[in-house]
Amino acid sequence: MRGRLTFAAGCALVGLVLAVALVSLVWLPYDPADTTGGRLAPPGGAHLLGTDKLGRDLLTQLMAGARTALIAGIGSVLVGGLLGVAGGLLAGFATRWLDDALSAALDIVIAFPTLLLAMLVAAAREASLGSVVLAIGLGMSAIVARLTRVLVKRVLAQDYITAARTSGTSWPRVVAEHVLPNIWPMLLVNLALQLGLAVLAEAALSYLGLGPPPPNASWGRLLQEAQATVLTAPTGAIAPGVLLVVLVVGTNLVADGLRDLADPTRRRSR
């Protein structure tokens, strides 16, 4: 019961941000590049949340930023998930020496701070949303690959795998019918957690000036631009910060709910 409530609460929070992002595709109060609103106008009137220091409508920037955050997060999870699962399957089925080599390489990549790796990749390419997705996805792939390798090894050690191979089942069929169905629940939980981390990483890169450039909106860049005026115009810093918290907490609640739903033993222990 608790797992379902947690999952529902997480879906509600993520769904709220997703709804804002979808609305931004078809409607925005103002053009994101419009700077005619007046510098640091207070909330109310024509600008419900006021304007930033450049005269842009803050509500417009927040709505467009939701779209950027979700694109970066989901895109990074797709890149990291595909590369990580492929690498983990390879390591899980590899010979002893190749498995050791791949495991050592994964440990090195994981030991390297993910955000720093993303900064290096983003700095090596021109600043764009695609560069951010690639950078975060590459950093994420090693974590997913190590988890996939462990899960694959665990499944391959089961008696039903030996029985399947003895009966003449090919390895591709073993992967499709036995390995992937048994590892996807834990992978899904991990990818949900990685989504929240990817959103934070995109905000951090944008805060440092390595994210998608203007006129693309980003919550991280809004925080960076608002830090000098946080006392005189606090909405500019509070609003993107609150949305970041809502999305990250939502993804973590979804992951926690999925973990409870996928593990009956965990549900009973609660």
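**Helix packing notes**

I looked up helix 8 and helix 9 first, and they are roughly antiparallel to each other, a label for angles over 145 degrees. Their axes, lines fitted to C-alpha atoms over the stretch in contact with angles from 0 to 180 degrees between N-to-C directions, lie 8 Å apart at an angle of about 150°. Trp219, Leu222, Leu223 and Ala226 of helix 8 make the contact (heavy atoms within 4.5 Å) with residues of helix 9 that include Pro240, Leu243, Leu244 and Leu247. I find nine nonpolar, two polar and no charged residues there, with Ala, Val, Leu, Ile, Met, Phe, Trp, Tyr, Cys and Pro counted as nonpolar, Asp, Glu, Lys and Arg as charged, and the others, Gly among them, as polar.

The model is predicted, local features need pLDDT of at least 70, and side-chain atom pairs count only at pLDDT 80 or more, while totals for chains, interfaces and linings use all residues. Residues are numbered from 1 along each chain as its sequence is written, and side-chain values use heavy atoms, with hydrogens and water left out.

I then turned to helix 7 (residues 171-207) and helix 8 (residues 219-226), whose axes come within 7 Å and cross at roughly 40°. Here Ala203, Ser206 and Tyr207 of helix 7 meet Gly220, Arg221, Leu223 and Gln224 of helix 8. That contact divides into three nonpolar, three polar and one charged residue.

Lastly I checked helix 2 (residues 58-93), whose end C-alpha atoms are 51 Å apart, in agreement with the 52 Å that its 36 residues should span at 1.5 Å a residue.

Note on methods
Helix = DSSP H or I, 4+ residues; strand = E, 2+ residues; numbered from the N terminus. Expected span 1.5 Å × (residues − 1). Parallel < 35°, antiparallel > 145°, perpendicular 65-115°, else oblique.
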